[in-house]
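Let's take a walk through a protein model together, stopping at a few spots in the backbone and among the side chains. Keep the sequence and the 3D view side by side as you read.

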Amino acid sequence: MDEERVEWSDLPKELLPTIGKSLDTRIDIVRFRSVCNSWRSSIPSNNSPRFPLKFPNPYLPTSATQAQAPAYLCESTIYRIQRLNPSTSSNKAWLVKVEQDSNSGGKLRFFDPISNRRTRYPNKTLNLLDFRVIELTKAYTLRYKVRAGSTTSTNEIEQVVSVRDSSILCVTKVVMFPNSPWTNVNDSAVFVIFGAGILGFAKSGAESLTVVDDNDVVEYDDIIVYKGQFYVIDTLGNVSWIDNSSLKLVPYSPPLCGLGSQKHLVDSCGALYVVDRYFNKERRRVEHTNRHFRDCDGPKVVDFKVYKLDEEWGRWELEKSLGDRAFVLGNDCCLSISAEEFTGYKRNCIYFNDQNETHVFNLEDSSFGDLQDIHPSWLRSYLL
């Protein structure tokens, strides 16, 4: 007996809101609403908070300049973009970070996901009907506003500077969760690592940042959202998950005991990894003001070690291979990708930024190399 086929546009209208609100990325919502008029009207176009959002400055003002520098939470999205029916033989995807510029009518700005530098592509409008676009993850950063004068409107960000490049603020990581398009911003939690590895917490509308673990000895290196929960790692390799209600740190695994100087957390195919970064000399921190510090230039990366958590046995396993995966250690986000799918990326490699330059580390032979062109050939031909 032949099964009766039903057109997508003929689905019961009462099911459409349930289906639509199960989508957790903006690009999927756009696709859903483009099916037909009934689907378009079943869910709103955009129910997500508009960025940038005002956020508590992690540092107490110690000067007139700092007092005039409110912090803002900014969001960017990392996409996998692939050309449909390309004219070239290669059809590998483009890994790119995209940020919406609220000061220019919502125009999109494109960045390199490793160095966070503005990319020269694209210089004209991309027709999304020509591409397959998949959202991989979101990244967050804190920026602050520098007022040019007393007449500057407080509702505008006339000059936005990354806190990572500022002598006033030093924030190494920001994470927000939940962050789906249906999330009310007041229900989202934001954690930041700033200064000398201090872990802070705040919600939208808060006047100040709460220090989660006021321990002068412990310094935190990284924090991620893993399986819907916040996880943080300190410089000694202790991984803990954070109880959102009490802001208590709960040990998640035995100490890693890695000898590297900087540790990154990476979620790869549902497993938790730690990438331990080794420098040729100690990562020195110079006191900025009280407990506020900033990293000094100088140390150079000389090695990486990768560990995978064996949840069954509760131990860390040293990994010699990432298989077909590549790890991207961005300034504000770490992620794992399938190297075969993207232009310029190789399997079993770690891509990272060091001393303002992008490098590649091959885990198989512990060799370093330079980054290849990560812009696919179809992108250049499309924009000609």
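How many disulfides does a search of the whole structure find? The search through this predicted model turns up 0 disulfides. To count as one, a pair of cysteine sulfur atoms would have to lie within 2.5 Å. While we are on cysteines, have a look at two of them. Is C36 buried or exposed? C36 is buried, because its relative accessible area is 17% and the cut-off for buried is under 20%. C74 counts as buried too, with a relative accessibility of 8%.

Now turn to the backbone. Which residues are joined by a cis peptide bond? Find F177 and P178: the bond between them is cis, with omega at about -10°. P178 sits in the loop that runs between β7 (171-177) and β8 (189-194).

Q355 is not a glycine, yet its phi is positive, about 55°. N356 also has a positive phi, near 65°, and is likewise a residue other than glycine.

N356 has a relative accessible area of 62%, so it counts as exposed, since the cut-off for exposed is over 50%.

How values were computed: Residues numbered from 1 in each chain as written. Predicted model: local features only at pLDDT ≥ 70, side-chain atom pairs only at ≥ 80, totals over all residues. Heavy atoms only, no water. Helix = DSSP H or I, 4+ residues; strand = E, 2+ residues; numbered from the N terminus. Buried < 20%, exposed > 50% of the residue type's maximum accessible area, 1.4 Å probe, protein only.
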